[in-house]
Amino acid sequence: MSTAMEDPSSAVHLWRSTPWSWMRPEDADSTAVRMVLHDAAGSVSLNEGSPDLFPVVVDGPETTLPDVDDIARHTLADLDTAPMHLSLEGHHEEVVNVDLRAAGHVAVGRLHITCKGQAVVHLHLSGDAGWCGLHLTGKVANGSHLSVVVTDELHLESRVVRCDDWRVGRDATFETGTLSVGGFRRKSDLRHHLDATGGNVRIGLAVHGQGTRHDDHHVEIHHHVGHTSSSLVANVACGGRSRSVGTGRLVIDAGADGTDAGQVFRNLLLSQGARADAIPELEVLADDVSAAHGAASASLDEEQLHYLMSRGLGPEEAAAMIVEGFLADAFRPIAAAEARRTLRDRLTVHLDCARIT
Amino acid sequence: MAGGLLDVKGLHATVEETEILRGVDLTINAGEVHAIMGLNGAGKSTLASVIMGHPDYEITEGSVHYDGQDLTELEVHERARSGLFLSFQYPHAIPGVQVGTFLRKSVAAVRGEAPKARAFRQELQAAMDVLGMDRSFLSRYVNDGFSGGEKKRLEILQMLLLQPRMALLDETDSGLDIDALKAVAQGINSLSKDSGVLLITHYNRLLELVVPDVVHVMIDGRIIQSGGPELAQRLEADGYEWLMPATA
């Protein structure tokens, strides 16, 4: 039980900006996040999974709980003893939609996805749970292509803890896009492991901060072997007194020559009170690699505003268009058109609602 | 008040406290095509930016009236909605905003109502045909990764859809190959005959395809000479030296 573990010190990098004490569930009585599979035309099933399925990796080879010293993952495992398993085999033409509905004081869900073939999965997280925990794990088999879209539209008063652990096989591609707009306080710890040559990870992350929303995304990409590639684009637009923290940890193991990795964090500050920190971190132990990272923060570009206004858009509409475009541009690394379209559509709906309210 | 579509009188303007325009006088009537030529730094693009209302420029003296209205009383988007259009020399990229979405919203803003989807598609296709543009343009992000020629075509596409009453085209011909230049010229020529056009250019080649009624020469922030299309031909042949003020 996680309660047996001590709270991580604020000196622990992962919890420096968002202490666990802010994020831990306050009520031990939990309900499961209700998972409903849509539009799968009978070719996909969502089944109860074995806890053994969950491959949790911190830095080394694959292991499972309880060998990992990670309080968030332990807490999620303790609260959800009936994880679900989504098995995807063959080529899926249609997007596989899974609704994740979080209700009650504490709602938690664990989902393991395996892919042998090609699929686009849309996980839509919604509901009004006071605290929501989500653990996503998965394996992309050799030569497979999996796109996972996560749209998080939890109630604005929810707290959210999300952990991901993904493993990518030989000549396989895993791409994932996250639209983070829900919950008032969020901590995400997303880890991706390239286990075999030819593996490719592409990540797009769009974060919209409003009011006093606090959003902390730790994204880790670990190249265990060479001739693998990864890209991460994180675009954050913060308004009001919201705060965002984005950490990109890129690890390239010794001997992983031929790795090609790039990370970029961009922050768009929409108000004086907003704050966004982007912290790319590189641990490169191989010699012959390409590893690029960058971070930039700026306010709205006056020249872009002028250009749009010269086309008849009012100042607010022009600013809204720039913000929407900026956030949508985070999904540029994602090749699957359906995945990009899904993210874009949800983003448009969110921003339209945000403007109305 | 003068009766031109665009009336510029004794216009002085500064950017970062440096005076660029030093008394520009220019009147363009509906249906007229004017061209302004001049050396780099003469103030041609500044004039276009000031008329469109770029916030970096300050009018310190003189006036700009469009259709009888003092333009300084209008915000940039209000100028656009009243029928003023600027084709930018260096159009800005808007990453993440698809061209199709941008065009639809822009047309809706200028016309005051959203166009019917089917009619707009047809209108858009017709305009793209004039410019020889592929539909794949519509899903790309505005000016993001565009070549110089693609940017200029997109500017003219916007002009065709917005159907301005007064179009300011700032070096729309620069960086275009022959085929692209012809396409852009065709686009300009297909603008309503009641519209006024101000072409800012360095070269006569565009003016062979879009024949101006009046050619102006701007030097050091002033229009110092005006004439017919033959003036552009002489500038092409002889340069600007013969127009330069004598120095002691």
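**Close-up views of chain B**

**View 1. Packing of helix 4 against helix 5 in chain B.** Helix 4 (residues 117-131) of chain B packs against helix 5 (residues 148-162) of chain B at an angle of about 135°, and their axes are 10 Å apart. The model shown here and in the views below is predicted. Angles over 145 degrees count as roughly antiparallel; helix 4 and helix 5 of chain B are therefore oblique to each other. The crossing of these two helices of chain B is right-handed.

**View 2. Residues at the contact of helix 4 with helix 5 in chain B.** From helix 4 of chain B, the residues B:Glu123, B:Leu124, B:Ala127, B:Met128, B:Val130 and B:Leu131 take part. They meet B:Arg153, B:Ile156, B:Leu157, B:Leu160 and B:Leu161 of helix 5 of chain B. Sorted by class, this contact has nine nonpolar residues, two charged residues and no polar ones.

**View 3. The open sheet of chain B.** Six strands of chain B form an open sheet with mixed pairing, in the order 6-9-10-3-11-12. Strand 6 (84-87) and strand 12 (222-227) of chain B stand at the edges with a single partner strand each, so one side of each has no neighbour in the sheet. From one strand to the next, the twist averages 20°.

**View 4. Pairing of strand 11 with strand 12 in chain B.** Strand 11 (residues 214-219) and strand 12 of chain B run antiparallel and are joined by five bridges. B:His216 has B:Ser226, in strand 12 of chain B, as its bridge partner.

**View 5. Helix 1 and the sheet strands of chain B.** Helix 1 (residues 44-52) of chain B lies across strand 3 (33-37), strand 6, strand 9 (166-170), strand 10 (196-200) and strand 11 of chain B. Helix 1 runs at about 145° to strand 9 of chain B.

Note on methods
Residues numbered from 1 in each chain as written. Chains lettered and ligands numbered in written order. Predicted model: local features only at pLDDT ≥ 70, side-chain atom pairs only at ≥ 80, totals over all residues. Pairing = 2+ DSSP bridges. Helix = DSSP H or I, 4+ residues; strand = E, 2+ residues; numbered from the N terminus. Axes fitted to C-alpha atoms, helices over the stretch in contact; angles between N-to-C directions. Contact = placed C-beta atoms within 7 Å. Parallel < 35°, antiparallel > 145°, perpendicular 65-115°, else oblique. Left-handed = near helix turned anticlockwise from the far one by under 90°. Nonpolar A, V, L, I, M, F, W, Y, C, P; charged D, E, K, R; others polar.
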